[in-house]
Amino acid sequence: MNTSPIAFLKGHGTQNDFVIVPDADNALDLPADAVARLCDRRAGIGGDGLLHVVRSAAHPEAKAMADDAEWFMDYRNGDGSIAEMCGNGVRVFAWYLVRAGLVEAGDLAIATRGGVKKAHVAKGGDVTVSMGRALLPEAGVTVTVDGRSWPARNVNMGNPHAVTFVDALDHAGDLRSAPPFSPAGVYPDGVNVEFVVDRGPRHVAMRVHERGAGETLSCGTGACAVAVATARRDGTDPARTGTPVTYTVDLPGGTLVITEHPDGEIEMTGGAAIVAEGVIDPSLLAR
């Protein structure tokens, strides 16, 4: 067992917060239960998830991407489970790399389980991430909360989302537990569920239940999924109009700006911050 203190940082993107563990050589053993302890808000450091910072060449899941992206975001949900992608996490991850002097501000590439993501880091902390293209599976679900039911659009941003439009955000309930949906087979591994209301022209607000974390104050891939679903609802699909479309998405933790281009590429812009750093008692990982 490693008995040396382990460095960590704490960061957030629009208040979606993360424990950051630098581990360039992938030397740390981070099983799900240890990650859950680190993310525990009372007995650990606290976070919606964990960003394990590893060189792509050192991680078996990222070696194939090493030529395109030096660094791999080994992302874990707050309960320790592995996730394909986290949009706010990519922004915080990119800002950490710049802040730590591992890369220069400007354009960079980050390997994720959802593929290589391109980012642009401005010196002031705003980060724009190319999130790739959304997939729109035909199979949708019905989401039910407190006796109300709504159809939900199936959007995949490298991770699965169910986007539903409601009259008021409090219709989503407390979102501590996953909102029931049917048929269950559409999302066999669970799903992030977004509840959306209109605020104005190309301006919406949302709440989200993130699988493995509960309700979070922000979800980057969720905001992208919401913008895509809203564009289809509004008839502003860029692939059909030939014109980029931009939506402002308000989340409890802040605001993200999402642009979808005619080729399907989606860009997300928002702030990122590192708020603390310290060391982890290795016994916390070994319990």
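A residue counts as buried when its relative accessible area is under 20%, as exposed when that area is over 50%, and as partly exposed in between, with a 1.4 Å probe and protein chains only. By that rule Asp 146, at 68% relative accessibility, is exposed. This is a predicted model, in which local features need pLDDT of at least 70 and side-chain atom pairs count only at pLDDT 80 or more, while totals for chains, interfaces and linings use all residues. Residues are numbered from 1 along each chain as its sequence is written, and side-chain values use heavy atoms, with hydrogens and water left out. Helices (H or I, at least four residues) and strands (E, at least two) are DSSP runs, numbered from the N terminus.

**Aromatic rings**

- The structure holds 3 aromatic pairs, where rings of Phe, Tyr and Trp (its six-membered ring) pair if their centres lie within 6.5 Å, and where planes under 30 degrees apart count as stacked, over 60 as edge-to-face and the rest as tilted.
- Another edge-to-face pair is that of Trp 150 and Phe 195, with 5.9 Å centre to centre and 85° between the planes.
- Here too distant parts of the chain are linked, with Trp 150 in strand β9 (residues 148-156) and Phe 195 in strand β12 (residues 192-200), 45 residues apart.
- Trp 150 is buried with a relative accessible area of 11%, and Phe 195 is buried with a relative accessible area of 0%.
- Arg 233 lies over the face of Phe 165, at 4.6 Å from the ring centre; a charge sits over a ring if NZ of Lys or CZ of Arg is within 6 Å of the ring centre and within 35 degrees of the ring normal.

**Cysteines**

- The structure holds 0 disulfides, a disulfide being a pair of cysteine sulfur atoms within 2.5 Å.
- Cys 39 is in no disulfide, and the nearest cysteine sulfur, that of Cys 86, is 11 Å away; Cys 39 is buried, at 6% relative accessibility.
- The sulfur of Cys 219 has its closest cysteine sulfur in Cys 86, at 6.4 Å, which is too far for a bond, and Cys 219 is buried with a relative accessible area of 2%.

**Nonpolar cores**

- A nonpolar core is a set of buried Ala, Val, Leu, Ile, Met, Phe, Trp, Tyr and Cys residues joined through side-chain atoms within 4.5 Å, and the largest one here has 54 residues, with Met 73, Leu 97 and Ile 258 having the most contacts inside it.
- When residues up to four places away in sequence are not counted, Met 73 touches several residues, among them Leu 51, Met 85, Cys 86, Phe 93 and Ile 110, where contact means heavy atoms within 4.5 Å.
- A second, separate core of 16 residues includes Trp 150, Tyr 187, Val 191 and Val 197.

**Helix α3**

- Helix α3 (residues 220-234) has 15 residues and reaches 21 Å from its first C-alpha to its last, close to the 21 Å expected at 1.5 Å a residue, the expected span being 1.5 Å times one less than the number of residues.
- Of the 15 residues of α3, 12 are buried, so the helix is largely enclosed by the rest of the structure.
- Thr 230 lies in helix α3 and is buried at 0% relative accessibility; leaving aside neighbours within four places in sequence, Thr 230 is in contact with Phe 165, Val 204 and Tyr 247.
- Just after α3, Gly 235 takes a positive phi of about 75°.

**Backbone features in loops**

- A cis peptide bond, with omega about -5°, joins Ser 182 and Pro 183, and Pro 183 is found in the loop between β11 (181-182) and β12.
- Asp 146, in the loop between β8 (141-145) and β9, has a phi near 50°, a positive value in a residue other than glycine.
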